[in-house]
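Come and look along with me.

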Amino acid sequence: METPGLVHGGAERFSKALRSLVNNRLYSDVRFVVGQERQEVFAHRCLLACRCNFFQRLLGPEPGPGVPSPVVLSTIPAEAFLAVLEFLYTNSVKLHRHSVLEVLTAAVEYGLEELRELCLGFVVKVLDVELVCEALQVAVTFGLGPLQERCIAFIEAHSQEALRTRGFLELSAPALLLLLRSDKLCVDEADLVLAARSWARVGAVEQIVEAWKCHALRRGDTARGASCRRRRGTLPREHHRFLDLPLK
């Protein structure tokens, strides 16, 4: 009895044909309004649903009657959303340094593990002084341990430059605490003090207080956690000097 064999046609032509359908009104049956710019994006329900559980849940099993209402996704920029669609349609994606962290964020939120790994590899390749603090923030937010370690090591080696970036000033308190705990930062203490004070002016001291509360409670340090809830001046003494807070 003859055994059937699976054979493949040319992948390049197949990928090119599917890429032509990305944001193509032709045969589309779902419409998105994406980002703060509210850009209209067209897609194909069956393809999104079979490729991504997030869209399967979002779109439901059956299209509604008539012209469907747009699906509003206001938190993802249009460029990043189109990159996600490109990956879903073709299993490949063209990444850019200026938008890769937004694509990475979407990949994590949509549960696209393969796209997440592609983005992580690309971030590591293009990591530089301007990008590293933003990448650290994404890593801390989503618990991406290897990327977090890579960013910390990069900042330790390029501390002076990294502490002057806008990305540093926009770090969350947990991300900042990771840096303050490092003993490998290549920066004078006076410069570190100035950088931390600048961060405090931008992000407010309360952020680091709340972060320390969470840290204390996660460790099971209930006494310190309770104390932190009562008053702000219960940060570890070693952090007061960075923020110019009085020692309690």
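**Entry 1: a word before I start.** To read a crossing, I need to know that an axis is a line fitted to C-alpha atoms, for helices over the stretch in contact, and that angles run from 0 to 180 degrees between N-to-C directions. I also keep in mind that this is a predicted model.

**Entry 2: how confident is the prediction?** I looked up the pLDDT and found a chain average of 83, with 78% of the residues scoring at least 70. I marked residues 221-237, where the pLDDT is below 50. That stretch has 30 contacts in the model beyond near neighbours in sequence.

**Entry 3: α5 and α6.** At what angle do the axes of α5 and α6 cross? I found roughly 155°, with the axes of helix α5 (residues 100-109) and helix α6 (residues 113-126) coming within 8 Å. Angles over 145 degrees count as roughly antiparallel, and α5 and α6 are therefore roughly antiparallel to each other. I noted the crossing of α5 and α6 as left-handed. From α5, the residues making the contact are Val-100, Leu-101, Val-103, Leu-104, Ala-107 and Val-108. From α6, they are Leu-115, Arg-116, Cys-119, Leu-120, Phe-122 and Val-123. I sorted this contact of α5 with α6 into 11 nonpolar residues, no polar ones and one charged.

**Entry 4: the sheet.** In what order do the three strands lie? I read the order as β2-β1-β3, in an open sheet with mixed pairing. β2 (39-43) and β3 (71-73) each have a single partner strand and stand at the edges, so one side of each is left without a neighbour in the sheet. From one strand to the next, the twist averages 30°.

Next I followed the pairings of β1. Strand β1 (residues 30-34) pairs with β3 in the parallel sense, over three bridges. With β2, β1 runs antiparallel, and five bridges join them.

**Entry 5: α4 and its neighbours.** Which strands does α4 lie across? I found helix α4 (residues 78-90) lying across β1, β2 and β3, and running at about 5° to β2.

Helix α1 (residues 11-19) packs with α4 at an angle of about 140°, their axes 9 Å apart. That angle makes α1 oblique to α4, and I noted their crossing as right-handed. Ser-15, Leu-18 and Arg-19 of α1 make the contact with Glu-86, Tyr-89 and Thr-90 of α4. My tally for the contact of α1 with α4 was two nonpolar, two polar and two charged residues.

**Entry 6: α7 and α11.** My last stop was helix α7 (residues 129-142) and helix α11 (residues 173-180), which pack at an angle of about 110° with their axes 9 Å apart. That makes α7 roughly perpendicular to α11. The crossing of α7 and α11 is right-handed. I found Leu-136, Gln-137 and Val-140 in α7 meeting Pro-174, Ala-175, Leu-178 and Leu-179 in α11.

Methods
Residues are numbered from 1 along each chain as its sequence is written. This is a predicted model: local features need pLDDT of at least 70, side-chain atom pairs count only at pLDDT 80 or more; totals for chains, interfaces and linings use all residues. Side-chain values use heavy atoms; hydrogens and water are left out. Helices (H or I, at least four residues) and strands (E, at least two) are DSSP runs, numbered from the N terminus. Angles under 35 degrees count as roughly parallel, over 145 as roughly antiparallel, 65 to 115 as roughly perpendicular and the rest as oblique. A crossing is left-handed if the near helix is turned anticlockwise from the far one by less than a right angle, and right-handed if clockwise. Contact means heavy atoms within 4.5 Å. Ala, Val, Leu, Ile, Met, Phe, Trp, Tyr, Cys and Pro count as nonpolar, Asp, Glu, Lys and Arg as charged, and the others, Gly among them, as polar. Two strands pair if DSSP finds at least two bridges between them. pLDDT is the predictor's confidence in each residue, from 0 to 100.
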